[in-house]
Amino acid sequence: LRFRLAGYPRKHNEGRVEVFYSDEWGTICDDDFTLGNAHVLCRHLGFVAATGWAHSAKYGKGVGRIWLDNVNCAGNEKSIVDCKHRGWGNSDCSHEEDAGVVCKDERIPGFKDSNIIEVRKLLARAGVPPELCMSPRASLCCQGCGTGSWQGVAPCVWCQGAQPERAAAGRVAGDTSAATGHAGRGSGLLSPHRLFTERQQLNYRLHSVSCTGTEVHLSMCSFEFYRGNSSAACGAGMPAVVSCVPGPLFATGSAHKKKQRQQQQQQGQPRIRLKGGAKVGEGRVEVLKNSEWGTVCDDRWSLQSASVVCRELGFGSAKEALTGARMGQGTGPIHLNEVQCRGTEKSLWSCPFRNITQEDCKHTEDAAVRCNIPYMGYENLIRLSGGRSRFEGRVEVAVGAGDGEEPRWGLVCGEGWGTLEAMVACRQLGLGFANHGLQETWYWDASNVTEMVMSGVKCAGHEMSLSHCQHHGASLSCRNTGTRFAAGVICSES
């Protein structure tokens, strides 16, 4: 059995309860529902307990089967299976009676779940059939090509690497911006190249897609949907192809970064930032007002508002709109409440919002975001060796991996290595935050890598890769060249 929270509007610890049984997602009827039922379901969902429950489809009506009815739990059962009920699929309810739960916002230690505020509401609004929404993370780019959320959408013609036979033609570059923003890229251009692939029968699902370019997600664009095996599928067109380019934040050339710094200096101090996130493009949203940084309350926090934040900061659209101080509690004032962006605004300050009074919100309700960012492959250029867990070890970096050559792995000189450098290494590894940056790692002598290939590393802490930090380049200078003086890190998820 698998469980998830669904519906809208809601926070990450509440929603309509959906259960995956017999290869199908379904709901639970609210007849005879009790707080004991909610306790058991919240534990299934990774929370320690329930604080309440909801009846009469408070979080919206579900789709599919109503799997359980007249559920009666004492509250201490290990599984919903151990509770009394009418039997799987035996119900006299309609979806107007779908039950929901409100869980205590405290996770069971070690429970792994992303608790995403889902985008199915966007898909439903766009008229996409619910059978295509295979998971709460449903997205029009069938991530993983055939194994993703949207099995059945044209065979991944929007996916990177799925290249149809003929060149694509399109109206305007703006139409691809929603797709590339979804992929975390800055802007999109339709590729003029002739693309080849194995001959295949293309199975079209969507046509006449028309975006303004500022949508959160392709399903927000207007489009028509092919139903059944339409013989006229894409009769006058060809498979859509998109070619994405990284935005200025991810440009490799220093000229872009220099231009960006000049723009920032001309515009004055930025009025929005992300704090507390372990990775690039995620964090608690903080805004500057009256020369004082403060946070945003999560009431009515949505993917549209989160996407405005992400784009304002130079990322793609938002992947998640996080509530309940999921990226840590801020300090100081709470400047904004009930932010309600349409998604087309250039700045969060252009969205309707309510000024806050301290009684309305507390820092336990600080809003956060996870933005779509381009895949840059930086994690393939660094690894750890010799640690007691995957979160620690001696830092090894790859050099000379261009033009199809095998990378040469080497050590980083520990001289001057500290917490800021460790922060960048942990981020590049995808392992979260830095606990320690170690200048001596003699007890982690576990690999046959002995050559120092990087020295003089000095990071500001925000870089995405150690190669972006200042370092000596090819002219190495390390007083203690023995392997015991190589740099090491201990990373932490929290």
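Reader: Leaving aside neighbours within four places in sequence, which residues is glycine 416 in contact with?

Author: In this predicted model, glycine 416 is in contact with Glu421, Gln439 and Val457. The word contact is used because heavy atoms of the two residues lie within 4.5 Å.

Reader: What makes glycine 416 count as buried or exposed?

Author: The relative accessible area of glycine 416 is 52%. Exposed means over 50%, so glycine 416 is called exposed. Its place is in the loop between strand E20 (408-412) and helix H6 (419-429).

Reader: How far apart are glycine 416 and lysine 458 in sequence and in space?

Author: They are 42 residues apart in sequence, while their C-alpha atoms are 7.5 Å apart in space.

Reader: What share of the contacts in the protein chain joins residues at least 24 apart?

Author: Among contacts between residues at least 6 apart in sequence, the share is 69%. The chain has 6 helices and 23 strands. Of its 494 residues, 48% count as buried, the cut-off being a relative accessible area under 20%.

Reader: Why is a set of residues called a nonpolar core?

Author: The name applies because its members are buried residues of the nonpolar kinds, joined through side-chain atoms within 4.5 Å. The largest such core here has 26 residues, and Val285, Val296, Trp301, Val339, Leu348 and Val369 have the most contacts inside it. Strand E12 (282-289), helix H5 (303-312), strand E14 (318-322) and strand E17 (368-371) each supply at least two of its residues. The largest share, 5 residues, comes from H5. In soluble globular proteins, nonpolar side chains tend to be buried together.

Reader: Which residues does valine 369 touch, not counting those up to four places away in sequence?

Author: Among them are Leu274, Val285, Trp301, Ala306, Val309 and Met327. Glu282 and Glu320 are also touched by valine 369.

Reader: What makes a space a cavity, and how many of 30 Å³ or more does the structure hold?

Author: A space is called a cavity because a 1.4 Å probe fits there but cannot get out. The structure holds 1 cavity of 30 Å³ or more, and about 30 Å³ of space lies in the largest cavity.

Reader: How do the residues of its lining divide into nonpolar, polar and charged?

Author: The lining has 4 nonpolar, 3 polar and 3 charged residues. Its members include Arg16, His55, Tyr59 and Asp98.

Methods. Residues numbered from 1 in each chain as written. Predicted model: local features only at pLDDT ≥ 70, side-chain atom pairs only at ≥ 80, totals over all residues. Heavy atoms only, no water. Buried < 20%, exposed > 50% of the residue type's maximum accessible area, 1.4 Å probe, protein only. Helix = DSSP H or I, 4+ residues; strand = E, 2+ residues; numbered from the N terminus. 1 Å grid on protein atoms, 1.4 Å probe; cavity = no way out; pocket = protein on both sides within 12 Å on 5 of 7 lines; lining within 4 Å. Points joined across faces, edges and corners; volume = space filled by probe spheres on them. Nonpolar A, V, L, I, M, F, W, Y, C, P; charged D, E, K, R; others polar.
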